[in-house]
Structure formats: C-alpha cells, structure tokens
Amino acid sequence: MKLSGVEIRWVEMPLRSPFRTSFGTQTVRQLLLLRAVTDENEGWGECVTMADPVYSSEYLEGSADVLRRFLVPSLTGQIDAIAVAPRLRRFRGHRMAKAALEMAVLDAELRARGVSFGRELGAVRDRVPCGVSVGIMNSIPELLDAVDGYLAEGYQRIKLKIEPGWDVAPVRAVRERFGDILLQVDANTAYTLGDARHLARLDPFDLLLIEQPLDEEELLAHAELAEVVRTPICLDESITSASSAADAIKLGACQIVNIKPGRVGGYLEARRIHDVCAAHNIPVWCGGMLETGIGRAANVALAALPGCTLPGDTSASDRYYRLDVTEPFVLEDGHLTVPTGPGLGVTPLPDVLDSLTVKTEWIPSS
Ligand code: NPG
C-alpha cells in the first residue's frame, strides 16, 4: 500500500455537561481526526491528545506539529500498518500522534482487505459490557443524581473521579445509596505515597480498583502503596508500552491495567499489552478519552478481546455528545455492539463532520 498523504481535521465537540477531573474541567472536546489516503483505500484515525498537556505531556498542537513535520513524511514508499511503528520509532514519544497515524493506516488496510478491527485484533465477543466515568461534582446530591441516571440507562459499572477532598465521602455515599454495584475510582495521579493510609480508608467499600493514584513515573511507590491498601491498584498513565506493563507487573505496582491505545502508541501495541497481561493473569479493560465514534468503534473492538474481563470506559456516544461524528453508539442492555464492517465499520457523516470541523490541513507523505 502506498500513502499519498493525510488530511488532519481539527474537530471541536461540545460536551453535554462539564467533565471535571483532578487535571481540570472540560466543556469542549478538541481533537484531531486523520484521513489517510492510500492507493488502495482511505482510512480514519483519531488523535486523543487534549488541548493542553495536563493528562500527559502531549497536546493538540504538538501532535499536529509532529505529524506534519516528522511522522507523516516518514511513511513514504510501500507501507502497511505493522510497519508504521518501526518507521516512526526514531522519533521519541508522541505516542498519541503515532497511534492516530497507525490507526488511519490500519483502517485503510483493513477496509481494503474486508476485515474488521475486531477480527484483526482478536475479538471474541460481539458486544461488550460498558462502564461510565463520572466526573468530580460540586456536591454529593448532584453526584448521586448523576450515578442514578447512569444506572437507569443500564451502565454496568460506575467509575468515580477522585482527588484529595473528594474521595472517601463520595465513595461512601454512592456505596450506601446503590448497594452492590460494580464501583471503582480514578485519581489521575492526584495523590502521593504519603496519602497511603488515607487511601486505605477506601478499602471497606469493596472497590474493583483504584486507578493511577500516584504520579506516572512512580512505579515503585505504587508497589509500596499496594502493601498498604487492599483495593487493587490499576495503572493508566504509567503504562506506555508492553514493556512498561511487564515491568509494572513484575514490580507489583499494579494488579489491573487500563489500556488506552492512544497512550501506548496504537492498537497494535495495545494488543501486545493485552497479551502480556493475559500471560500474567492480570485483568485489563479498555479506557476512554472522550472519543468520537471513530475512536469509540476501535475501542469497542479492543474491549472485545478475551483478556478484557472488566467493563471499559466505552460509554455510548450520548454520554458525552448530543451529536457524534458517526452514527451514534447506543447502549443496549448495558452493552455496545462491536462493529463488524470492514476496518472500523463506521465512517464520519460528512455533513456532521463538516459542521464540527474548525480547520483542515493536507499533509503529503513525500
Ligand atoms: O469515557 O471516554 C470516556 C472517558 C473516561 O474518565 C475517562 N477518561 O483519565 O481516564 C481518564 C479520562 C480522560 C479523559 C483522560 C480525557 C484524558 C482525556
């Protein structure tokens, strides 16, 4: 396959309600959609970087810049998806930008071959149970209302965003009100090892896991924390590759892993992490980064792999957006259906995409 170039679209998607985490409040999701044009087919990719470098060091304009100046121009001559990561390896970091480019090439390739993402990645389910991530709220009654609504919609698991000052009380309130639901928390690195005893106060609430309590570089500290808290520790930000996953497991820094394809450089590396974890009996689940229907389609395929034994942050389109760029993903009986069409199995609706696009740029590959 030969890549002629990539069209980047800057897309702005208003959120239905503000989404607050320990790293800030989102009201609009700004992201990049990529359309790879090859001599065989076109493919779509989604770059999940945020506008500001607050979740990781990557940010939207940085991703656009590295795609324009280094990544896309490296994909000259014959190329297939498996060769994308090795070609881009000499450029350090920028995993979300690399993931988006590999995803677009993989989509083009799979569409040409008539194979779905799910089949290519090794999906074993035709639908996946879905969890929902609930942001930090202004008050406990507001939180309880939100959780009540999501449970009524059928979500199978609730994840509460926490930070110092918003942790034990909201968890207790949700547990007391809703009883024996699947419940977990996500700290997005908001704590230090000095908070270990405080975090152990979450133990009585039988959480599925506590996600990324400490800084992303603190693998050893996570292992020490695991000696103090009984709640299983899940890593997100710390896991950037199959090799870092293997290290974290060996060190005892995590008992569960959140896989986000953007964070780890693409769906092919995501599958390797899945395989490493499966080999060590470490459960994994598919994280989310407020994707459009494009990223969601691929995430749902990943979530259907055999080792994804916990519900993912694979919510329906209407959790975040009134208008998605594709046909919306709709929750049915707490599940989303894994697309079966070639490639992602979904494409952007041209008029909707145009209405959400604020800028477009063509980057030739040579
Ligand atoms: O359902 O897509 C979703 C969002 C799940 O909470 C969620 N994502 O820290 O995991 C996270 C958080 C996030 C969102 C991180 C956007 C980065 C960007």
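Q: What makes domain 1 and domain 2 count as being in contact?
A: In this predicted model, 34 residues of domain 1 touch 43 residues of domain 2. The cut-off for a contact is heavy atoms within 4.5 Å, so these residues qualify as touching across the boundary.

Q: Which stretches of the chain are meant by domain 1 and domain 2?
A: Domain 1 is put together from two pieces, 3–114 and 349–364, and domain 2 covers 118–337. Their C-alpha centres sit 23 Å apart.

Q: How do you know how much area domain 1 and domain 2 bury between them?
A: You take the accessible area that the two parts lose on being put together, summed over both. That comes to about 3400 Å², and 63% of it is on carbon and sulfur atoms. On the domain 1 side, the residues losing the most area to domain 2 are R16, R20 and Y55, which together make up 22% of what that side buries.

Q: Why is the meeting of R20 and E163 called a salt bridge?
A: The rule wants a side-chain nitrogen of Lys or Arg within 4 Å of a carboxyl oxygen of Asp or Glu. For R20 and E163 the N to O distance is 3.1 Å, so the pair passes. Across the interface of domain 1 and domain 2, the rule turns up two salt bridges, and 16 residue pairs are in polar contact there, both partners being at pLDDT 80 or more.

Q: Which elements each supply at least two residues of the side of domain 1 that touches domain 2?
A: They are β1, β2, β3 (42–47), α2 (81–88), α3 (95–113) and α12 (350–356). Helix α3 gives the most, with nine residues.

Q: What makes β1 and β2 paired strands?
A: Pairing takes at least two bridges. L3 faces T38 of β2, and T21 has G24 as its bridge partner. The two strands are linked by a hairpin of two residues.

Q: How do you know that β1 also pairs with β13?
A: Same test: at least two bridges. β1 and β13 (residues 357–364) have seven, in the antiparallel sense, so they count as a pair.

Q: Why are β3 and β13 said to stand at the edges?
A: The open antiparallel sheet of four strands reads β3-β2-β1-β13. β3 and β13 each have a single partner strand, so one side of each has no neighbour in the sheet. On average, neighbouring strands here are turned by 25° against each other, ignoring direction. Helix α3 lies across β1, β2 and β3, at about 155° to β3.

Q: What is the order of the strands in the open sheet of seven with parallel pairing?
A: That order is β5-β6-β7-β8-β9-β10-β11. β5 (131–134) and β11 (284–286) are its edge strands, each pairing on one side only. Helix α10 (residues 267–279) packs on this sheet, touching β10 (256–259) and β11, and its direction makes about 170° with that of β10.

Q: What makes β5 and β6 a pair?
A: The threshold is at least two bridges. β5 and β6 (residues 157–161) are joined by four and run parallel, so they pass. Within this pairing, S133 stands opposite K159 of β6.

Terms used: Residues numbered from 1 in each chain as written. Predicted model: local features only at pLDDT ≥ 70, side-chain atom pairs only at ≥ 80, totals over all residues. Heavy atoms only, no water. Axes fitted to C-alpha atoms, helices over the stretch in contact; angles between N-to-C directions. Domains from an automatic or database assignment. Buried area = accessible area lost by both parts, 1.4 Å probe. Polar contact = N/O pair within 3.5 Å; in protein donor to acceptor, adjacent residues only side chain to side chain.
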